[in-house]
Amino acid sequence: MKDREQMQKVGIIGGLGPEATMMYYRAIISQFQQHQGNQTTLPELMINSVNMYQMFAWLEKEDYTAVANYLSQAAQQLAAAGADFVVMCGITPHIVFEQIQQPVPLLSMVTASCQHAQKLGLKKLGLLGTEFTMQHDFFKRAFRDAGIEVITPNS
């Protein structure tokens with residue numbers, strides 16, 4: 001494990017909803033402490049809490065450019081604050097993942113989830129999510145390309 005001065009700093013685009021942000025924050029701390037072997041060390045990370053209601057309003061209007069610009073700005077603010085890489089606390093924002101401009105790597109939860117499903121040898125998964133996630137193909141496409149079927153409930 002790298003010493004504290006060399007560890008990468010994670011930036012979290014949060015507030016997409018706050019419950020998920022808290023869950024990811026706690027999980028990152030837990031895993032970090034587990035790898036460090038003690039409960040008195042904390043990772044250096046920052047959270048940029050964005051307004052999910054504003055993002056959903058743009059999604060309702062299908063203004064994907066506004067969503068991408070908003071999330072790009074959030075990622076750039078985290079990079080300016082010292083983040084080495086960024087994650088988003090929500091699947092829905094991945095609708096515009098390819099359009100988000102960032103000066104540091106932006107990790108995809110869709111890609112990570114797909115890779116984990118492949119590692120587990122899964123062939124068929126169920127997906128529950130926001131209306132936007134369920135109605136768009138961005139999540140299913142990655143899995144389909146990997147030979148994994150994703151099932152969503154009907155309306």
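This is a predicted model: local features need pLDDT of at least 70, side-chain atom pairs count only at pLDDT 80 or more; totals for chains, interfaces and linings use all residues.

Is Phe 132 buried or exposed? I found that Phe 132 is buried, with a relative accessible area of 9% (buried means under 20%, exposed over 50%, partly exposed in between, with a 1.4 Å probe and protein chains only). Phe 56, at 23% relative accessibility, counts as partly exposed.

Residues are numbered from 1 along each chain as its sequence is written, and side-chain values use heavy atoms, with hydrogens and water left out.

Next I looked up the aromatic pairs, and there are three (ring centres of Phe, Tyr or Trp, taking the six-membered ring of Trp, within 6.5 Å; planes under 30 degrees apart are stacked, over 60 edge-to-face, the rest tilted). Phe 56 and Phe 132 are stacked, at 5.4 Å centre to centre and 15° between the planes. Phe 56 sits in helix H2 (residues 52–60) and Phe 132 in helix H5 (residues 131–135), so their pair ties together parts 76 residues apart in sequence (helices are DSSP runs of H or I, at least four residues, numbered from the N terminus).

Then I checked Trp 58 and Tyr 70: their ring centres are 5.2 Å apart and the planes are at 70°, so this pair is edge-to-face. Trp 58 lies in helix H2 and Tyr 70 in helix H3 (residues 64–80), so the pair links parts twelve residues apart in sequence.

Notes. Helices (H or I, at least four residues) and strands (E, at least two) are DSSP runs, numbered from the N terminus.
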